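Welcome! Please take a look at the model first.

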Amino acid sequence: MSGYIEDYEVLNVIGTGSFGTCYKVRKKSNGCLYVWKAVGYSGLSEEKKQLLVSEVNLLSELQHPNIVQYFDRVIHKETATLYIVMEWCKGGDLSTLINKCKKSSSFLDEGFIWRVLYQMCRALQACHWQLSVTVLHRDIKPANVFLDGAGNVKLGDFGLARILHDDTSFAQTLVGTPYYMSPEVIKGGKYNNKSDIWSLGCLVYELCSLSPPFMGQNIKQLALRIKERKFSRIPAHYSDDLQKIISLLLSTDHNFRPTTEMILQHPLVVTNIAQET
Ligand SMILES: CN(C)CCCNS(=O)(=O)c1cccc(Nc2nc(OCC3CCCCC3)c3[nH]cnc3n2)c1
């Protein structure tokens, strides 16, 4: 389905994401709020343009309560811009939430963190196993995880960045600091579904500790810390169960890292989520 630029009223710019400028917009026909992510395609080769179209088509296949919903695309030929229309998540992103906790010297509730873990696993399960092709997210981080108005957790910003940037190797990730980079990718290995699981482990750790598990003064030191896999326990007020599940997600050998199904059925998750819901 392709809409028209006139169908939407642009309210304001909300920032620049991994692949373009983001706007808050309102659809005139229903008054609903959406996010418009503008992707300039003039500099793309025909092959990359085709890749972008197929990736956006794949996005439209991804319909899941824990994935930011893709609604429409608007191709504006005059400016060679593709506008990807997505669900507006009223609760904002986890990066903002973490920064608010830091500023107020407070911590996130353990129950909320278990819900994020569970719902992110459901989102990754849909990407990894329920689509016609396996979609790896490749950029799981607090700024790409959103909350809707009902407290549901939503994974956003799928691999479009991979198409729009020339290189997907470790070098490409220098766009932002690759805190969540997995050991296998640092060693030049293939990014795989278990690399998303490592990043999820880093995300859950950061929700507890308000900092990533591995940090460094430079990329080299960060890579060393990740390979060494030494990280301090999450703050003492969080349970041993939560510490154990994070440690499992951060298994150095990706073969020992659980799949999304294994996490969702893990006794530590089942007991702690049961208490939540
Ligand atoms: C950490 N900061 C960069 C971001 C702060 C966030 N503030 S904000 O942007 O005004 C704000 C406040 C409340 C709700 C929402 N909802 C929302 N935001 C998205 O993306 C944010 C955008 C991503 C790229 C970088 C710029 C910010 C969505 N994408 C799909 N659905 C979305 N819903 C946004």
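A nitrogen atom of the ligand lies 2.7 Å from a polar backbone atom of Glu-87, a polar contact being a pair of N or O atoms within 3.5 Å. This is a predicted model, in which local features need pLDDT of at least 70, side-chain atom pairs count only at pLDDT 80 or more, and totals for chains, interfaces and linings use all residues. Residues are numbered from 1 along each chain as its sequence is written, and side-chain values use heavy atoms, leaving out hydrogens and water.

**Contacts and burial**
- Cys-89 also takes part through its backbone, with an N or O atom 2.8 Å from a nitrogen atom of the ligand.
- Lys-37 uses its side chain instead: a polar atom there is 3.1 Å from a ligand nitrogen.
- The protein buries 73% of the 650 Å² that the ligand exposes when taken alone (Shrake-Rupley method, 1.4 Å probe).

**The shell around the ligand**
- The ligand is surrounded by 17 residues, and Lys-37, Glu-87, Cys-89, Asp-93 and Thr-96 are the closest (near means a heavy atom within 4 Å).
- Strand E1 (8-17), strand E3 (33-40) and helix H2 (94-103) each give two or more residues to this shell; helices are DSSP runs of H or I with at least four residues, strands runs of E with at least two, numbered from the N terminus.
- E1 provides the largest share, four residues.

**The whole protein**
- The fold has 10 helices and seven strands.
- Its radius of gyration is 19 Å, close to the 19 Å that the globule rule gives for 277 residues, so the protein is as compact as a globular protein of that length (taken over C-alpha atoms; the rule is 2.2 Å times the number of residues to the power 0.38).
- Along the principal axes, the C-alpha atoms fill a box of roughly 55 × 40 × 40 Å.

Methods. A polar contact is a pair of N or O atoms within 3.5 Å; within protein, one must be able to donate a hydrogen and the other to accept it, and residues adjacent in sequence count only if both atoms are side-chain atoms.
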